[in-house]
Amino acid sequence: MKETAHLVHEYLRSSKKFPHIWCAGCGIGIFMQALIRVIDQIGYSKDDIVLVSGIGCSGRLPVYVDFNTLHTTHGRALTFATGIKLAKPRLKVITIMGDGDAIAIGGNHLIHAARRNVEVASFVINNNVYGMTGGQCSPTTPYKAKTTSSPYGNLEPDFDICRVVEAAGAAFVARSTVYHTRLLDQLIGKALKKKGFAMVEVVSQCVTYSGRWLGLDSPVEMMKWQKNNAIRVEKARELGETALKGKIVTGVLVDRERPSYCEEYGKLL
Amino acid sequence: MTQQKVLLQGNEACVKGALLAGCRFYAGYPITPATEIMEIMARELPKAGGVFIQMEDEIASLGAVIGASLAGAKSMTATSGPGFSLMQEHIGFACMAEVPCVIVDVMRAGPSTGLPTQPSQGDVMQARWGAHGDHPIIALAPSSVYEFLELTVQAFNLSERYRTPVIVLADEVVAHMREGVVLPAKGDIEVEERPQPTVPPEWYIPYDDPGTGVPPMSPFGDGYRYHVTGLYHDVRGYPTTRKDEVEPLIRRLFSKISKDFDRLQWFDSFYAEDAQITIITYGCVTRAALRAVKEARGKGLKVGLIKLKLLWPFMRHTITEILENSQKVLVPEMNRGQISREVKRVNQGRCEVVTLNKMDGTLITPLEILKKLEEVHP
């Protein structure tokens with residue numbers, strides 16, 4: 001409790017009107033706490049952190065925390081983050097995006113930020129749905145799932161965010177769920193310290209919408225679903241595609257050294 | 001000191017102006033006829049200690065520009081019609097979040113892909129209303145290579161002074177033409193910086209009106225931690241839907257510029273004193289119009305010319321005066337009549353407004369203007 005009180009008093013904005021906008025049982029708050037816990041452990045100065053978000057439920061995260069915070073347009077958080085990082089490389093730039101935000105409308109920016117290897121730690125909170133607009137299907141909504149925009153079942157296959165970002169060239173790619181908080185802390189720490197573009201997919205629950213079509217109507221059930229379906233990458237590598245169907249592969253998926261854009265540009269100066 | 005005269009292309013002059021104004025960040029995407037601005041920036045910015053980046057599209061370009069500006073760098077991008085359409089989303093964001101930035105739009109003929117290599121003045125209204133919702137905008141239009149340099153400097157100054165995006169609406173002719181230009185030295189040009197907070201961080205209220213309408217702006221990373229959003233926000237920058245906070249914000253965004261309206265009267269006049277017909281132009285059409293005016297004067301016609309350097313906010317006071325003192329006004333434009341529509345709006349029956357519109361991707365010639373003058377001369 002003492003530790004939580006420290007995090008609240010040190011990192012939440014006392015001038016901001018609470019409560020926050022998230023539904024009871026949403027996973028975004030768990031991620032927010034993990035993020036400030038890790039930032040506190042590493043010991044970054046609040047003045048040096050820039051938190052950039054896009055649009056959607058996740059886009060509202062930065063306003064609650066006492067950093068330099070920027071709530072941008074839908075899908076474009078990484079473009080703003082790129083400008084900030086290049087103009088002031090000493091800043092620690094972090095982006096928070098949702099699944100629709102990061103790989104539907106912002107998919108092109110995500111691919112190119114990964115390819116360019118700009119030193120930005122980015123977190124994609126994936127709840128498989130457009131929550132803020134009322135539960136429409138997103139690129140990570142499972143095939144055949146019924147949503148408010150796929151009343152006869154989703155006709156499209158879903159996207160593996162991590163594989164897209166890996167293929168695009170990111171230096172660090174990882175996945176956790178909000179249930180696995182210790183793993184989440186470790187991965188956030190590694191992403192923040194990575195010299196290069198780092199992306200962590202944070203599998204989360206939208207109790208209000210995606211829980212409905214999964215047949216899971218409480219946050220506890222949804223988090224149990226995360227617990228029971230997660231499989232560590234080390235173990236997953238021993239299994240075939242069929243065994244991994246419907247599973248959430250967690251852990252560090254990619255960790256490689258590549259020159260970052262700032263390093264490359266620095267050579268010109 | 002001897003002044004240096006050089007042969008410059010318009011797009012090249014734009015870069016010279018930007019660097020003189022202190023631009024140290026450029027993000028862009030290739031597009032005809034603006035590409036040279038990007039190519040020269042790619043070459044020159046690293047030498048000036050600045051940052052150049054080629055982004056994946058124009059949306060990303062302006063996003064990066066706004067990000068860099070929030071980090072404290074004077075920033076710009078350049079594009080043409082199709083890219084300008086993509087940038088509208090972030091022009092609106094920069095208006096709302098009050099982030100200084102400069103957008104150069106080298107106009108080519110549209111709509112859509114249109115005529116990529118041919119001139120037009122078709123983006124005048126898009127510059128004004130391209131972004132959704134009520135928003136203020138400043139747009140400048142150069143008519144010569146030197147003016148492209150000069151107005152790029154002014155675009156940065158206005159942008160920093162008012163914390164608002166400023167658009168330089170050049171056209172393909174001005175961008176690709178080469179002219180001899182006397183380069184101004186650093187000291188010859190007044191360069192403005194954005195207002196900075198003078199209070200300690202704990203006293204800083206990021207969107208509080210200090211009386212000028214323009215809140216001081218601290219760059220990210222300097223100890224003044226605050227929130228920036230495209231949502232309607234209160235004085236602390238936090239989202240709001242309260243009507244007593246929403247309307248004052250949009251009113252301030254407009255009034256911070258409109259309060260200086262009289263200062264923002266940028267035009268040049270030629271033979272205007274005793275003119276019975278006044279031609280109103282901007283951009284490359286000015287050049288043909290001036291030639292036509294000189295020839296008409298030679299024929300004894302009392303014709304004058306007003307060249308607008310500032311298109312938005314529209315110079316209502318200046319135009320009203322012209323309309324009151326002329327019998328007729330001629331507005332030649334390379335579009336369907338975008339500024340002439342605005343002239344008619346402020347005219348309110350004062351005099352006859354005649355238009356001359358050309359949309360075939362070629363220039364309006366002096367002869368065409370002269371013919372029209374002879375046709376309508378009282």
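Because the model is predicted, local features need pLDDT of at least 70 and side-chain atom pairs count only at pLDDT 80 or more, while totals for chains, interfaces and linings use all residues. Residues are numbered from 1 along each chain as its sequence is written, and chains are lettered from A and ligands numbered from 1 in the order in which they are written.

## The contact between the chains

Chain B contributes 36 residues to the contact and chain A contributes 34 residues. Two residues are in contact if their C-beta atoms, placed from the backbone, lie within 7 Å. On the side of chain B that touches chain A, the elements giving two or more residues are strand 2 (25-28), strand 3 (51-54), helix 3 (58-70), helix 4 (81-97) and strand 10 (227-229) of chain B. Helices (H or I, at least four residues) and strands (E, at least two) are DSSP runs, numbered from the N terminus. Helix 3 of chain B gives the most to this side, with 9 residues. The residues on this side of chain B comprise 21 nonpolar, 10 polar and 5 charged. Here Ala, Val, Leu, Ile, Met, Phe, Trp, Tyr, Cys and Pro count as nonpolar, Asp, Glu, Lys and Arg as charged, and the others, Gly among them, as polar.

An open sheet of 9 strands has the order 9(A)-10(A)-7(A)-8(A)-4(A)-3(A)-1(A)-2(A)-10(B), with mixed pairing. Two strands pair if DSSP finds at least two bridges between them. Strand 9 (230-232) of chain A and strand 10 of chain B stand at the edges, each with a single partner strand, so one side of each is left without a neighbour in the sheet. On average, neighbouring strands of this sheet are turned by 20° against each other, direction ignored. Axes are lines fitted to C-alpha atoms, for helices over the stretch in contact, and angles run from 0 to 180 degrees between N-to-C directions.

The chains are joined in this sheet where strand 2 (residues 68-71) of chain A runs parallel to strand 10 of chain B, with 3 bridges between them. Within chain A, strand 4 and strand 8 pair in the parallel sense, and I125(A) has V202(A) as its bridge partner in strand 8 of chain A.

Helix 3 (residues 77-87) of chain A packs on the sheet, touching strand 1 (49-53), strand 2, strand 3 (92-98) and strand 4 of chain A, and its direction makes about 180° with that of strand 3 of chain A. Helix 7 (residues 181-193) of chain A lies across strand 3, strand 4, strand 7 (172-177), strand 8 and strand 10 (248-255) of chain A, at about 160° to strand 7 of chain A.

## Strand pairs compared

| Strand pair | Sense | Bridges |
|---|---|---|
| Strand 4 (residues 121-126) and strand 8 (residues 198-203) of chain A | parallel | 6 bridges |
| Strand 5 (residues 101-109) and strand 6 of chain B | antiparallel | 2 bridges |
| Strand 15 (residues 328-333) and strand 16 of chain B | parallel | 6 bridges |

## Helices and domains of chain B

Helix 1 (residues 10-21) and helix 2 (residues 35-44) of chain B pack at about 45°, with their axes 8 Å apart. These two helices of chain B are therefore oblique to each other; angles under 35 degrees count as roughly parallel, over 145 as roughly antiparallel, 65 to 115 as roughly perpendicular and the rest as oblique.

Chain B is divided into domain 1 (5-188) and domain 2 (272-307 + 314-376), with bounds that come from an automatic or database domain assignment. The C-alpha centres of these domains of chain B lie 27 Å apart. Their contact takes 14 residues from domain 1 and 13 residues from domain 2 of chain B. Strand 6 of chain B gives the most to the domain 1 side, with 3 residues.

In the hairpin of strand 5 and strand 6 of chain B, which has 5 residues between the strands, S112(B) takes a positive phi near 55°. Also in chain B, 5 strands form an open sheet in the order 11-13-12-15-16, and the pairing is mixed. Its edge strands are strand 11 (267-270) and strand 16 (352-357) of chain B, each pairing on one side only.
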